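Thanks, everyone. I'll take the ligand site to begin with, then the nonpolar cores.

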Amino acid sequence: MSKIAFLQGNEACAYGALYAGCRFFAGYPITPSTEVAEVMAKELPKVGGKFIQMEDEIGAMAAIIGASLTGVKSLTATSGPGFSLKQENLGYACITEVPCVIINVMRGGPSTGMPTGPSQSDVMQAKWGTHGDHPAICIVPASVQELFTETVRAFNLSEKYRMPVTVMPDEIVGHMRERIEIPEPGVIPLTDRTPPSVEPEEYKPYDTRFGDVPPLAAFGSEYRFHVTGLNKAEDGFPTTRAELVQQEEERQMRKIEDHIDDIVSYEEYMLDDADVAVVAFGSTARSARFAVREAREAGIKAGLFRIITYWPFPEKQIAGIAGRVKAIITPEMNLGMTFHEVMRCAAGKSTVSGIFRVDGEPINPGQILDKIKEALR
Amino acid sequence: MSFDYEKYIRPGKLPHIWCPGCGHGIVMKGLIRAMDALGMKKNNTAIVSGIGCASRLPGYIDCCTLHTTHGRAVAFATGIKMAKPEMQVLCVGGDGDGVAIGGNHFIHACRRNINITYLIMNNNIYGMTGGQFSPTTPTGAKASTTPYGNPDPPFDIAKLAIGAGATFVARGTAYHANQIEKLLVEAIRHKGFSVVEILDSCPTTYGRRNRFRSVVEMMNNLKEIAVSVQAAEHMSPEQMQGKVLTGVLYRDNRPEYVEEYQKVIEAAQDFAG
Ligand SMILES: Cc1ncc(C[n+]2csc(CCOP(=O)(O)OP(=O)(O)O)c2C)c(N)n1
Ligand code: SF4
């Protein structure tokens with residue numbers, strides 16, 4: 001029997017991580033994400049897991065990578081300024097291909113910005129924040145229930161593709177309280193990284209004979225290996241051989257590019273016959289759903305495309321919508337990040353206009369409804 | 001019979017990247033001898049480093065090795081040790097890595113007293129990037145970024161470690177090769193955060209700029225400035241001018257972090273019934 005609970009988004013996120021088998025958390029307090037750490041501090045030791053409050057976010061990101069290398073599923077949680085500090089080691093997790101999950105509860109920025117105000121302005125940072133080419137998976141839940149289930153999915157994706165995954169609720173979703181259903185253990189299937197099948201002497205941490213996601217052994221097992229943030233060859237040791245570096249970097253991108261349909265998730269609402277589509281995510285998508293319903297009541301054929309996986313971006317789906325509707329609207333709590341992505345995907349097939357808000361106030365349904373009417377004029 | 005370094009060296013990974021006359025190789029030999037003396041199991045040992053010439057050491061040693069980001073080795077190592085306490089975890093790196101960019105992680109690892117041994121190869125300079133001054137470059141010394149002499153006062157790494165709460169602190173030099181092994185054996189045996197600082201030499205970027213005419217001269221300098229803790233007992237403050245203490249400088253017994261966290265687990269489980 002599943003359990004019914006009344007939880008805050010951040011709490012649900014922590015319980016999702018525990019459900020997914022997370023047994024290590026390292027973090028540094030920051031509003032509006034701190035509740036994730038607080039629940040982990042309380043719950044992890046009960047199940048024999050470990051919690052550590054590090055001296056800063058750089059150290060927290062480092063610690064979860066270290067822990068994950070011993071085979072333990074690991075989590076950190078932060079917000080804006082802390083997410084910025086994590087970027088270098090996030091890149092390290094990408095190039096070394098160490099699974100881990102990062103929660104970034106989005107608040108206003110840049111810099112200290114608006115610590116208690118909601119925002120959706122870190123979505124570009126989730127992809128481009130760390131230097132160099134690297135794959136990225138980023139999930140943007142819109143409800144407390146989804147924060148639970150999508151955190152589980154984040155762990156599964158991270159284990160499956162051997163890479164860091166970020167889950168980024170906006171502050172409203174992180175702090176809202178809702179009734180949720182926590183499924184019995186085992187109801188949501190869990191994924192574990194593929195362990196090596198070769199003898200220890202033969203093991204290479206980036207052995208492409210096993211495909212684009214090579215098996216990962218654990219430190220402290222019968223396998224021992226080297227891990228470096230330098231460009232590396234299949235055996236894990238640094239190389240500067242041009243063709244090897246090129247191959248390795250391209251392989252890492254293929255982990256995403258060849259599995260877009262497995263990773264991308266979204267929700268469509270009244271889109272089939274729509275003349276105008278709202279593309280939104282997080283708490284803004286909740287307002288958008290209201291607006292769409294009201295528009296329908298007023299006889300306007302409006303629909304909603306709700307982004308759940310932000311990276312990789314649902315390019316194919318948006319391009320499809322752009323070919324069917326007259327107008328697309330992108331309401332978001334930033335100054336046009338999704339707008340530009342949607343423009344790129346729409347490629348001139350429909351008009352695209354945005355509602356951009358960075359004043360710490362949520363975008364309300366009325367604002368979106370007005371824009372829907374305006375777009376069809 | 002001569003000592004067999006091959007046992008802990010990764011076949012095929014030599015020659016190393018270090019310049020002729022660099023002290024890092026001597027320190028590595030000491031580490032390997034200590035590992036052998038302690039009978040350390042390769043699969044059960046993690047060696048973690050940051051970035052720098054010194055931090056390239058783990059790549060040559062045949063165990064679980066992690067070459068991380070600049071300054072962050074101890075934080076990565078903390079994750080490993082917490083998640084798998086049965087592993088022996090060592091950190092290695094340079095002075096810049098350890099106490100400049102990594103200073104915050106360093107002092108907090110000392111404070112927690114987590115059972116990790118940190119081997120710092122202090123050559124008083126940023127070797128890898130071509131000889132910029134570090135937090136241990138002596139005042140007045142020349143570096144590529146102190147062309148008129150260094151205005152900064154240096155850190156005393158051992159004092160920093162003691163002040164921050166490390167429970168075993170030792171210092172040796174690259175000249176006193178046999179002592180490196182002994183200090184490391186004691187440090188690794190010690191339960192808690194142990195720091196071994198080895199005064200090292202970078203002839204390429206430090207020696208050259210600071211009037212050391214040869215590698216031998218740099219080594220002789222290490223020999224001359226080092227005074228053992230025992231010998232220092234019989235020396236006056238005047239005699240100690242310009243000298244550095246070597247040997248085991250500090251030893252204490254304080255609760256170890258992972259063991260303390262185990263108590264948290266027990267308390268939480270009691271609480272949960
Ligand atoms: C974040 C970051 N900043 C700067 C550097 C450049 N860098 C590489 S090694 C190094 C200094 C290394 O000096 P030290 O730790 O003393 O080791 P040594 O090379 O002397 O052995 C610096 C500044 C870097 N790799 N990463
Ligand atoms: S630059 Fe200095 S520290 Fe680096 S390998 Fe050469 S001698 Fe050693």
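When I say a residue is near a molecule, I mean that one of its heavy atoms lies within 4 Å of it. Keep in mind that this is a predicted model. Now, where does ligand 1 lie? Between chains A and B.

Around ligand 1 there are 18 residues. B:His24, B:Cys53, B:Ala54, B:Asp97 and B:Gly127 come nearest. By class, the shell divides into 7 nonpolar, 8 polar and 3 charged residues.

The side chain of B:His24 puts an N or O atom 2.9 Å from an oxygen atom of ligand 1. For the side chain of B:Asn123, the corresponding distance to a ligand 1 oxygen is 3.1 Å. B:Gly127 uses its backbone: an N or O atom there is 2.8 Å from an oxygen of ligand 1.

How much of ligand 1 does the protein bury? Alone, ligand 1 exposes 590 Å², and the protein buries 77% of that. The largest share, 4 residues, comes from α3(B).

On to the cores. In soluble globular proteins, nonpolar side chains tend to be buried together. Here, the largest nonpolar core has 135 residues. A:Met40, A:Leu75, A:Tyr310, B:Phe106 and B:Phe193 touch the most other members. Take A:Tyr310. Beyond its neighbours within four places in sequence, its contacts include A:Val123, A:Cys138, A:Phe281 and A:Met337. There is also a second, separate core of 31 residues, with B:Cys22, B:Met28, B:Cys63 and B:Ile198 among them.

Note on methods:
Residues numbered from 1 in each chain as written. Chains lettered and ligands numbered in written order. Predicted model: local features only at pLDDT ≥ 70, side-chain atom pairs only at ≥ 80, totals over all residues. Heavy atoms only, no water. Polar contact = N/O pair within 3.5 Å; in protein donor to acceptor, adjacent residues only side chain to side chain. Areas by Shrake-Rupley, 256 points an atom, 1.4 Å probe, with all protein chains shown as cover. Helix = DSSP H or I, 4+ residues; strand = E, 2+ residues; numbered from the N terminus. Nonpolar A, V, L, I, M, F, W, Y, C, P; charged D, E, K, R; others polar. Core = buried A, V, L, I, M, F, W, Y, C linked by side-chain atoms within 4.5 Å. Buried < 20%, exposed > 50% of the residue type's maximum accessible area, 1.4 Å probe, protein only. Contact = heavy atoms within 4.5 Å.
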